[in-house]
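Me: I'd like to go through the wording used for this one and see what backs it up. Can you take me through it term by term?

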Amino acid sequence: MSCLQREPELSRSQELLRIASRKKAIQKNVKLLGLEGDSDLQFLLQGGDLLKVRSSSWKKTRYFRLQEDCKTMWRESKKTFKSKQTFSLDDIAEILMGRQSEGLKKNTEEQVESRCFSIMFKGRRKNLDLIASSEEEAKQWVKSLQKVVSNINNLSRQQTTEHWIFSCLRKADKNKDDKLSESEVKNFLRLINIEVDDDYAEMLFKKCDKSKSGYLAGEEIEHFYDLLTQREEIDVIYGEYAKTTGFMSPQNLVDFLMKEQRGKATLADAHKIIEKYEPDEHAKEKKLLSKDGFLMYLHHPEAMILNPEHSEVYQDMSQPLSHYFISSSHNTYLMEDQLKGPSSTEAYVRALLKGCRCVELDCWDGSEGEPLIYHGYTLTSRILFKDVIKAIKEYAFKTSDYPVILSLENHCCVEQQAVMAHHMSSILGSALVTSPLGDGMPTNFPSPEELKGKFLIKGKRLNKLEESNDEDEGEAEQKEKKKKKLKLAKELSDMVIYCKSVHFHGFDDARKNLSFYEMSSFKEAKAVTLAEESANAYVRHNVEKLSRIYPAGKRTDSSNYDPVPLWNAGCQIVALNFQTTCNDMDVNQGRFLVNGKSGYILKPAFMRDITTEFDPITLTRGDWLKHKTLHIMVISGQQLPKVNKKKSSIVDPLVKVEVHGVPADVAEKETRPVDNNGFNPEWNENFQFDVYVPELALVRFVVEDHDSTSDNEFVGQYTLPFTSLQLGYRHVPLLNKNGDLLPSAGLFVHVMVMDAE
């Protein structure tokens with residue numbers, strides 16, 4: 001049944017107008033996505049019935065189809081036609097084929113496995129669990145959704161902005177006649193986060209209403225759009241370099257790139273930019289760059305604030321494992337707090353998709369001989385150990401090819417430990433490291449490159465790696481029991497190769513008595529004390545050995561701690577609660593934003609030298625001291641979202657610029673707030689920062705909604721390493737509190753870095 005047959009009855013003329021309007025909207029958005037004539041997109045636009053699953057007793061048919069914006073999925077009840085709901089494809093984190101979600105595993109039978117799929121959303125929104133009528137149809141839905149989501153994610157910010165404004169225009173057009181009355185224009189301005197007085201709105205409307213008809217249509221709407229999206233700061237910059245009949249010639253563009261962006265550029269580079277970004281074919285033929293093309297280029301990732309070379313793996317990945325910071329999660333199985341929150345395999349999927357390379361498994365005895373994962377002595381829900389291993393196997397290497405460490409908190413009896421070992425061996429197969437790489441006994445860690453696609457087990461071990469693995473189980477167990485009465489299955493013990501857990505008894509003891517693969521875990525308070533009082537010793541310890549840091553037990557709400565002081569001390573596995581949104585997770589995401597989001601960041605050379613004198617607290621002189629002055633001008637913002645979803649709510653944005661790093665580098669400065677304008681606020685404010693250890697510094701941009709009577713509300717942020725900054729005029733993308741991209745929102749800044757000496 002077509003979607004048009006499902007809508008309320010219209011007169012023939014109204015129906016024809018609506019069909020024409022919808023076709024026009026679809027054509028525009030299909031072209032924007034680059035999917036003209038694509039059968040997968042047409043499948044979604046046509047839509048179809050799916051069985052929605054909430055529980056074992058609640059399974060109901062819902063009709064789903066893609067709306068004409070090619071970005072919003074719409075669904076309704078098949079019986080009543082009253083309950084209409086939508087969700088944006090922007091909000092999809094992953095599409096899971098089969099019975100992979102907790103809901104489908106619990107509420108459906110195995111025989112429908114091939115017909116099931118789940119839509120996993122960003123943030124804490126519940127999954128949408130669905131069953132198709134056949135395996136082929138399920139595969140078609142998954143394939144089609146994945147393709148359109150991928151194309152949306154690949155749109156440039158300029159294209160995303162146009163798409164968003166066009167969608168808001170259609171939303172403001174209440175009667176869908178492709179015209180805007182003055183009241184609809186005012187409604188549109190509120191939708192895009194601008195509050196203007198009635199006189200200004202009336203002036204703007206009359207300026208565009210060339211036909212004096214009392215509404216805007218066709219070219220008048222285009223003129224209205226041009227007025228809204230005009231950016232004076234871009235006009236000024238472009239005007240300075242557009243010396244060829246009002247356009248930029250290739251040489252003009254080279255001059256801009258070298259003088260303003262501080263880059264190396266040739267005429268060949270300029271020709272490539274014009275060919276790639278100039279939308280006007282006439283200008284492109286003449287090898288000229290228009291203002292629209294110039295703005296398209298500035299919005300592209302290669303021209304934004306993050307060095308595009310750092311978006312790929314660019315660091316040396318052949319160093320020992322201990323020479324890297326490793327993206328790490330604590331209590332990975334939890335979706336919320338540590339007292340009564342749900343445990344889920346989906347939490348592992350989310351962490352792994354964010355590039356996490358060390359996940360934690362709290363293992364306890366379960367019924368029927370099957371080990372469980374949950375937070376012990378609490379009311380958190382329980383999940384099967386084998387289901388977690390399956391999920392890890394499926395999603396471990398989708399974001400990064402580099403090794404994943406399974407950190408086992410083992411509370412199981414010996415019998416169920418053997419079951420754990422069996423599941424890991426059978427599910428992970430040859431990807432599981434069960435013996436040292438290479439010939440002979442190793443004296444140092446292998447590299448991330450050597451361990452690509454591999455799993456490492458972190459846990460306790462009955463004997464030294466140097467001792468024979470073929471030693472009789474009774475003898476090995478007896479030997480270890482004499483020390484600490486350790487009850488450990490030999491099958492599980494033998495899987496611990498490079499990450500053997502041991503207690504920490506001081507840096508001298510570790511240097512004299514521990515092998516390179518013996519590592520300690522530190523509570524945050526102990527680690528912070530060591531990082532403050534014995535910083536250089538900690539840095540040296542972490543050259544050859546791994547250290548894992550985890551949050552204090554009192555953090556029952558799954559809150560986090562600041563990871564920066566621990567990175568400053570060279571700690572590699574600084575584990576945070578990935579399920580919790582906070583400033584600390586923002587900074588963690590910024591640290592691992594680069595190097596291809598591989599989850600591995602090479603430590604600076606002065607943190608890889610066992611004789612280093614580096615101390616982040618005292619900052620004695622050394623090659624780590626490279627004093628720089630960072631100048632940042634916060635120029636403007638674009639399409640900042642509303643914090644409060646009420647129609648009348650408009651943000652009053654301000655921008656904070658923070659530097660995180662060694663104590664001497666930590667700083668924060670902020671702009672004044674701009675009243676009632678989240679669409680195109682301007683600040684034009686300059687800030688200056690002294691940065692002494694740039695290789696450890698991170699720069700964070702934060703946008704807040706100013707409130708004079710209470711705390712400001714978070715709007716968006718972006719964090720990146722100081723060494724990954726591009727100089728000159730740059731757009732800064734913004735992420736929401738969950739760390740996901742805000743599609744159209746951003747800042748425009750100017751960045752300059754100078755030697756301070």
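Predicted model: local features only at pLDDT ≥ 70, side-chain atom pairs only at ≥ 80, totals over all residues.

Me: What makes the pair Asn 331 and His 330 a polar contact?

Reply: Their side chains are joined at 3.5 Å, and the cut-off is within 3.5 Å, with side-chain atoms on both sides as adjacent residues require, so the pair counts.

Me: Why is Asn 331 called buried?

Reply: Buried means under 20% relative accessible area, exposed over 50% and partly exposed in between (1.4 Å probe, protein chains only). Asn 331 has 1%, so it is buried.

Me: And why is Glu 409 called partly exposed?

Reply: Its relative accessibility is 27%, so it falls in between those limits. Glu 409 lies in strand 15 (residues 404-410); strands (E, at least two residues) and helices (H or I, at least four) are DSSP runs, numbered from the N terminus.

Me: How do you know that Asn 331, Glu 360, Asp 362 and Glu 409 belong together?

Reply: UniProt lists them for "binding site" in an unreviewed entry; its positions are given in the numbering used here, feature names are shortened, and annotations may be inferred rather than shown by experiment. They span 79 residues in sequence, yet no two of their C-alpha atoms are more than 9.8 Å apart, so they gather at one spot.

Me: What does Glu 409 touch, leaving aside neighbours within four places in sequence?

Reply: Contact means heavy atoms within 4.5 Å, and Glu 409 has it with Glu 360, Leu 361, Asp 362, Cys 363 and Arg 548.

Me: Which residues of helix 10 are buried, and why are they said to line one face?

Reply: In helix 10 (residues 232-241) they are Glu 233, Ile 234, Ile 237, Tyr 238 and Tyr 241. Seen down the axis, they fall within an arc of 125°, so they line one face; the arc is that of the directions from the helix axis to the C-beta atoms. Exposed Glu 232 and Val 236 sit on the face turned away from that buried side.

Technical notes. Residues numbered from 1 in each chain as written. Heavy atoms only, no water. Polar contact = N/O pair within 3.5 Å; in protein donor to acceptor, adjacent residues only side chain to side chain.
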